[in-house]
Amino acid sequence: EAYDYVITAKHVAEFLSNDAEFIANVPAGKTISVTFDYMEKSNQFPGAKWFVHPSADIAIHPIVSPQKIDHAHFPSNEIPQTDKLIPLLSTVYVVGFPFGLGVHDRLDPIAKKVQVASTITSLEALNVKGDLRFLLLDQAVAKGYSGAPVFYVEDVLVPGIKLGDKPFIKGGERIHLIGILAGQISDDKGGKISAVVPISYLWEILHSADFMQYQKSIRFSP
């Protein structure tokens with residue numbers, strides 16, 4: 001049986017109070033909102049709460065809604081244990097709600113196109129724990145993107161008619177969820193980049209003893 005979860009930055013989750021609202025589109029209307037207190041006290045998923053990574057800036061919460069919601073979802077079996085190597089200067093997309101935009105009537109998130117500025121790296125010079133890893137983007141994004149998903153669209157090649165030394169042709173695209181935006185890094189000279197928590201940290205939450213015990217409890221609850 002499939003279950004849905006909302007994913008965001010841990011610092012966003014820790015900022016929210018229990019009366020904070022989760023808002024989602026519904027198929028035949030505008031939006032629906034439920035509080036996290038409602039979701040955590042629901043008998044539908046006993047034990048629902050924020051599951052956070054012990055050190056990385058990423059968190060996950062079960063979605064409990066009184067009616068069907070209209071949403072895009074990313075299957076958990078697409079979450080890798082090892083992060084995909086993204087070539088430098090590849091285009092990626094951050095999708096969220098900067099400046100509170102895209103949250104009226106129906107949710108309509110705003111996409112921002114940026115480029116990959118690093119391989120998976122540490123940020124020891126910035127007093128971040130040396131064993132934490134980040135993917136850096138070449139520019140800062142607007143306030144409100146914290147916790148937003150970052151997607152990489154990969155060209156899919158298929159065998160084609162061999163023309164010279166190129167035996168493959170583009171056959172489509174494959175979307176990869178590569179991380180969650182954590183925040184911006186800047187200096188006093190105006191330099192700004194963005195730091196992304198690699199998605200493998202989500203894999204670690206999904207396979208943690210705490211989360212797996214929760215899943216087991218709801219799977220067998222009456």
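Visitor: Which residues have the most contacts inside the largest nonpolar core?
Guide: Phe 22, Ile 58 and Tyr 214. That core has 42 residues. Keep in mind that this is a predicted model.

Visitor: What is Ile 58 in contact with, leaving aside its neighbours within four places in sequence?
Guide: The list includes Ile 7, Val 52, Ile 180, Val 197 and Leu 202.

Visitor: New topic. How many aromatic pairs are there in the whole structure?
Guide: A search finds seven. Take Phe 51 and Phe 211, an edge-to-face pair. Their centres are 5.1 Å apart, with 90° between the planes.

Visitor: Where do those two lie?
Guide: Phe 51 is in strand β4 and Phe 211 in helix α4, so the pair ties together parts 160 residues apart in sequence.

Visitor: Is Phe 211 buried or exposed?
Guide: Buried, because its relative accessibility is 1%, under the 20% cut-off. Phe 211 also pairs with Tyr 214: the planes are at 45°, so that pair is tilted. Both lie in helix α4, three residues apart.

Visitor: Which residues form the aromatic cluster?
Guide: Tyr 5, Phe 51, Phe 211 and Tyr 214.

Visitor: Last one. Which element has the lowest mean pLDDT?
Guide: Strand β9, at 77. Strand β4 has the highest, 98. The mean for the protein chain is 89.

Key: Residues are numbered from 1 along each chain as its sequence is written. This is a predicted model: local features need pLDDT of at least 70, side-chain atom pairs count only at pLDDT 80 or more; totals for chains, interfaces and linings use all residues. Side-chain values use heavy atoms; hydrogens and water are left out. A nonpolar core is a set of buried Ala, Val, Leu, Ile, Met, Phe, Trp, Tyr and Cys residues joined through side-chain atoms within 4.5 Å. Buried means under 20% relative accessible area, exposed over 50%, partly exposed in between (1.4 Å probe, protein chains only). Contact means heavy atoms within 4.5 Å. pLDDT is the predictor's confidence in each residue, from 0 to 100. Helices (H or I, at least four residues) and strands (E, at least two) are DSSP runs, numbered from the N terminus. Rings of Phe, Tyr and Trp (its six-membered ring) pair if their centres lie within 6.5 Å; planes under 30 degrees apart count as stacked, over 60 as edge-to-face and the rest as tilted.
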